[in-house]
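Okay, hi everyone, thanks for coming.

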Amino acid sequence: MSRPRSLVPVPEGAGTVAVFEMRKMALSEYRALYRKVGQAHHWTSRLMSDERLAREIHNRDTRIFIMTVDGHRAGWFELDVRRAVQEVRIVHFGLLPEFRGRGLAHVMLSRAIFGAFSTDPKRVTIETNTLDHPAALALYQKHGFRPYALRDVQTPAIETMLEPLRALS
C-alpha cells in the first residue's frame, strides 16, 4: 500500500460528513459503537473488562476516529501506531448498518489511510476475516491493500460473551 494522493470525496447528497479523533473515548460510547457494528459479525475481541478495555483504547499508541453524518455517529476506525517497527494497523473499521450502501465506507477508509500515513510509517495494514462484512475485503483492495498473509483465527462465540457483557453495561 502506498500513500494516497487525495481523499475520497463525500458523495453528493450524503449529508455533512465529519471525521475527527476522539481522545480518551468513554468506554460506554466505545462499546456502543463496537456492538452496533460488530454484533452482527460476531466480533468479540473488545468484549472485556473496563480496566482491560481502557488499557487497550486509551493507550498512547491507539488512535480512535469517529465519523459523523449530519451530526450522528456513523462509524469509527481505530489505528494502532507501532512506532518501533514503523507500522500502523487499522485495527477496527466499522460503519453502522444504517449508513451502509451510500459510499461512506470509501470516505471513512480514505480518512483512515490518510490518518495512518500521518505518522510516516513504512507499512500500513488492515486485517479482515470471515467474521467481517462480506464486502470488506473488496473495499480494502479497492483502496490499494493486497493480501499478504493468511492465518486461522478462533474466536469465542458471541453468544458466550453476551451475558458477561451485559453485566458491564
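Let's begin where two helices touch. On the α1 side we have Leu 27, Tyr 30 and Arg 31, and they meet Asp 50, Leu 53, Ala 54 and Ile 57 in α2. If you sort the residues of that contact, you get 5 nonpolar, no polar and 2 charged. Keep in mind, by the way, that this is a predicted model.

How do the two helices pack? Helix α1 covers residues 27-38 and helix α2 covers residues 50-57; the angle is about 85°, and the axes are 11 Å apart. An angle from 65 to 115 degrees counts as roughly perpendicular, so that's what we call α1 relative to α2.

Now, the aromatics. The structure has 8 aromatic pairs. Take Tyr 30 and Tyr 34: their rings are stacked, 6.2 Å centre to centre, with 20° between the planes. Both sit in helix α1, 4 residues apart, which is about one turn of the helix. Are they buried or exposed? Tyr 30 is buried, at 1% relative accessible area, and Tyr 34 is buried too, at 3%.

Next, Trp 43 and Trp 76. Their ring centres are 6.2 Å apart, but the planes are at 70°, so this pair is edge-to-face. The pair links distant parts of the chain: Trp 43 is in the loop between α1 and α2, while Trp 76 is in strand β3, 33 residues apart. Both tryptophans, Trp 43 and Trp 76, are buried.

One last stop: Arg 123 lies over the face of Tyr 148, 5.0 Å from the ring centre.

Note on methods. Residues numbered from 1 in each chain as written. Predicted model: local features only at pLDDT ≥ 70, side-chain atom pairs only at ≥ 80, totals over all residues. Heavy atoms only, no water. Axes fitted to C-alpha atoms, helices over the stretch in contact; angles between N-to-C directions. Parallel < 35°, antiparallel > 145°, perpendicular 65-115°, else oblique. Contact = heavy atoms within 4.5 Å. Nonpolar A, V, L, I, M, F, W, Y, C, P; charged D, E, K, R; others polar. Phe/Tyr/Trp six-rings, centres within 6.5 Å; stacked < 30°, edge-to-face > 60°. Buried < 20%, exposed > 50% of the residue type's maximum accessible area, 1.4 Å probe, protein only. Lys NZ or Arg CZ within 6 Å of the ring centre and 35° of its normal.
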